[in-house]
Amino acid sequence: MFYREAGDFKTRYVDDSQTFPIRFDRWRYYAVLAVAFGIVPFLINDYWANAVFVPFLIYSIAAIGLNILTGYCGQVSLGTGGFMAVGAYACYKLMTAFPEVSILIHVLLAGGVTALVGVLFGLPSLRIKGFYLAVATLAAQFFLVWLFNKVPWFYNYSASGQINAPERTIFGQAVTGAATTPAAKYLFCLVILFALAWLARNLTRGTIGRKWMAIRDMDIAAEIIGVNPLTTKLSAFAVSSFFIGVAGALFFAVYLGAAEVGEAFGIQKSFLVLFMVIIGGLGSIFGSFAGAAFLVLMPVLLKNLLVGTLGWPTDLAAHIELMIVGGLIVLFLIVEPHGLAQLWRLAKEKLRLWPFPH
Amino acid sequence: MSEQLLYAAEAGLNGLMAGVLYALVALGFVLIFKASGIFNYAQGVLALFAALTLVGFQNGQVPFAHLINAIFGTQIHEFGWHLPAVVAILLTGAVMVLLAILIERLILKHLVNQAPIILFMATIGLAYFLEGFGDIMWGADIKKLDVGLPQGISDTVESVTDRLFGYGFFIDRLDIVATVVAALLVLTLTLFSQFTKYGRALRAVADDHQAALSVGISLRFIWVMVWSIAGIVALVAGVMWGAKSGVQFSLSLIALKALPVLMLGGFTSIPGAIVGGLIIGMGEKLFEFFIGPMIGGATENWFAYVLALLFLVFRPQGLFGERIIERV
């Protein structure tokens, strides 16, 4: 009834090619933005920021990054944790070396450094495909974690081997360090996520996104119609690693505050982000958000239910959580291999016909 | 021979033995990959699960004791009996077969004709599930696995090498047993696949699913069979690793170590899995021995992956893998 194109007359080409062609979608989008920017920061407290919102925002960035590489360009990567570590350590080195420069620039530069490293580890993708590539990216994961563990320069020769985020401010508001308010953390991540999601959405709509998808669908055929595999694959690695690097920098600087590389950016992180992308839906920006929300919220809910309500021991709850995550992944793959994004698409199709399906 | 060279030879030999254990895990991968085209990430967790179950049976643990105690507030932990190793191993084998049937019924049946990457993801999900399930069933503490395998330094090897080179090599007897068991296992599998009816059916399925179906081979039965075999291979691997370093979560991580082994050897080749395992095992020990001290040690964490990565750039199908031919 309210969700359809009819009656929404487009009089310019710009209108015709906008991201949300349906009026209801546009309003919904503005409404979500208004709530996210205008209402949540005033209500948020420490628990909600640390348990739900900040990890959700950061994982969304990482999931969008991995989705660009795996969902749009078809190159499976298990090195996400390693690339997040590159972002975190680059950010740390920059923060401590140039304290007077704004943290925002450091975070973006950290993404840039990660993009370079990503391109380097993406080079084999020109020769190696499919599973072989997935396993080859494990080399990045293990090598990078080892490197940050063993070379003291990266953690400024601190005795514990940890990196600690010093306090940095934007407009006089602390966004990293102990004195940060939950709202500042949240808003800082939200602004970056908003900018990056907007960028990703438009990149994937344009020439470069179509090239990625051509390579994903059949790389040899794409090469024949004139898509350069070298630049296309490497650009996917670069953009994806940039996103993941930014996510890593925020994860360390804003969320954790102090990090030890093997614990914070181990192989488990790679799998977690990959699951977000799969559960959310490969090749969908919305799916990245949905997957991140799902995998951030589910453990919190389970923990509240099992430990808080039923009073079971924490370790038991952790094991049950593992089982449920695993079972859900299998279930999702069986019922809907295209993830939450596909359910969303189906819902929209239904809504378009509702209430008169014929 | 100089001292340095002897130490290197000892490190290399130990690496070979470790390589046998990698190869054992890789073997399970290859079997499943050949028969169903599924890249089974859960192989390592299968090994962990098998080892946990074996220890549980041996010590007479009550399954799900932790969960039962949490729900009903009881305090039960053990039945209070100790099964002999042979009975426990047979029971665990039966559990692995049952598990294979369940996996086929509940997961694989529904995922026929999906893209390989989807199946791969499904096995990652399975790995998570089994990890949690195993922990709930038998408890997450580190357990000692003892099925009566010989352990400790081998005196024979030490005295023989001492007489020959004037320096006794330190070789764990368990490693020698593992090597013998692995060799026997490969021999049995080869004989099975060459000379039995089901082995032939298995090779037919590996060759071409459609053609095998059309001559009346039941794909589902073959899948159950191959997952059972992989489960039993996992049991052997789990026993070996468990006896070496205790039954604990890190056991499932050896699955990751098996991946570069597979890439090196080629996904579809059983000899490849063995040779790849030996190369990786020896390579990482020698690299750690010669280069490790210069760059800070613990290179074993990544050496295998980087070696496989570099190798693949030059030979994308691995040492013994079938040549990858792509058509548009």
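Let me begin with the place where the two chains meet, to which chain A contributes 35 residues and chain B contributes 42 residues, a contact being counted when the C-beta atoms of two residues, placed from the backbone, lie within 7 Å. On the side of chain A that touches chain B, the elements that give two or more residues are α6 (130-150), α9 (219-224), α12 (267-280) and α14 (314-335) of chain A, where helices (H or I, at least four residues) and strands (E, at least two) are DSSP runs numbered from the N terminus. Of these, α14(A) gives the most, with 13 residues. Sorted by class, this side of chain A holds 29 nonpolar, 3 polar and 3 charged residues; here Ala, Val, Leu, Ile, Met, Phe, Trp, Tyr, Cys and Pro count as nonpolar, Asp, Glu, Lys and Arg as charged, and the others, Gly among them, as polar.

Residues are numbered from 1 along each chain as its sequence is written, and chains are lettered from A and ligands numbered from 1 in the order in which they are written.

As for confidence, the model scores ipTM 0.81 and pTM 0.88. Chain B averages a pLDDT of 82, and 98% of its residues score at least 70, pLDDT being the predictor's confidence in each residue, from 0 to 100. Among the elements of chain B, the lowest mean pLDDT, 72, belongs to helix α6 (residues 155-165) of chain B, and the highest, 91, to helix α4 (residues 85-106) of chain B. Where pLDDT is low, the predicted coordinates should not be read in detail.

Now to chain A as a whole, which has 15 helices and 4 strands. Its C-alpha trace spans about 70 × 55 × 45 Å along the principal axes. For 358 residues a compact globule would have a radius of gyration near 21 Å, and chain A, with 21 Å, agrees with that; the radius is taken over C-alpha atoms, and the globule rule is 2.2 Å times the number of residues to the power 0.38. Of the 358 residues of chain A, 46% count as buried, where buried asks for 20 or more other C-beta atoms within 10 Å of the residue's own, exposed for 12 or fewer, and partly exposed lies in between, with C-beta atoms placed from the backbone. Among contacts in chain A between residues at least 6 apart in sequence, 75% join residues at least 24 apart.

One residue to look at is Val54(A), which lies in helix α3 (residues 46-72) of chain A. Is Val54(A) buried or exposed? Val54(A) counts as buried, because it has 23 C-beta neighbours inside 10 Å. Leaving aside residues up to four places away in sequence, Val54(A) touches Ala49(A), Lys185(A), Tyr186(A), Cys189(A), Val254(A) and Tyr255(A).

Let us move to the strands, where β2 (residues 168-170) and β3 (residues 173-176) of chain A run antiparallel and are joined by 3 bridges, two strands being paired if DSSP finds at least two bridges between them. Within this pair, Thr169(A) stands opposite Ala174(A) in β3(A). The two strands form a hairpin with 2 residues between them, and Phe171(A) in the turn has a positive phi of about 50°, although Phe171(A) is not a glycine. Phe171(A) counts as exposed, with 7 C-beta neighbours inside 10 Å.

Another residue other than glycine with a positive phi is Tyr157(A), where the value is near 55°. Tyr157(A) is placed in the loop between α6 and β1 (163-164) of chain A, and with 8 other C-beta atoms within 10 Å it is exposed. Further along, a cis peptide bond with omega of about 0° joins Trp354(A) and Pro355(A), and Pro355(A) lies in the segment after α15 (339-353) of chain A.

Finally, two helices of chain B. Helix α10 (residues 219-245) of chain B has 27 residues, which at 1.5 Å a residue should span 39 Å, and its end C-alpha atoms, 38 Å apart, agree with this; the expected span is 1.5 Å times one less than the number of residues. Because 21 of its 27 residues are buried, α10(B) is largely enclosed by the rest of the structure. Just after α10(B), Gly246(B) takes a positive phi of about 80°. Helix α2 (residues 43-59) of chain B is mostly covered, with 16 of its 17 residues buried, and just after α2(B) comes Gly60(B), with a positive phi of about 65°.

How values were computed
Predicted model: local features only at pLDDT ≥ 70, side-chain atom pairs only at ≥ 80, totals over all residues.
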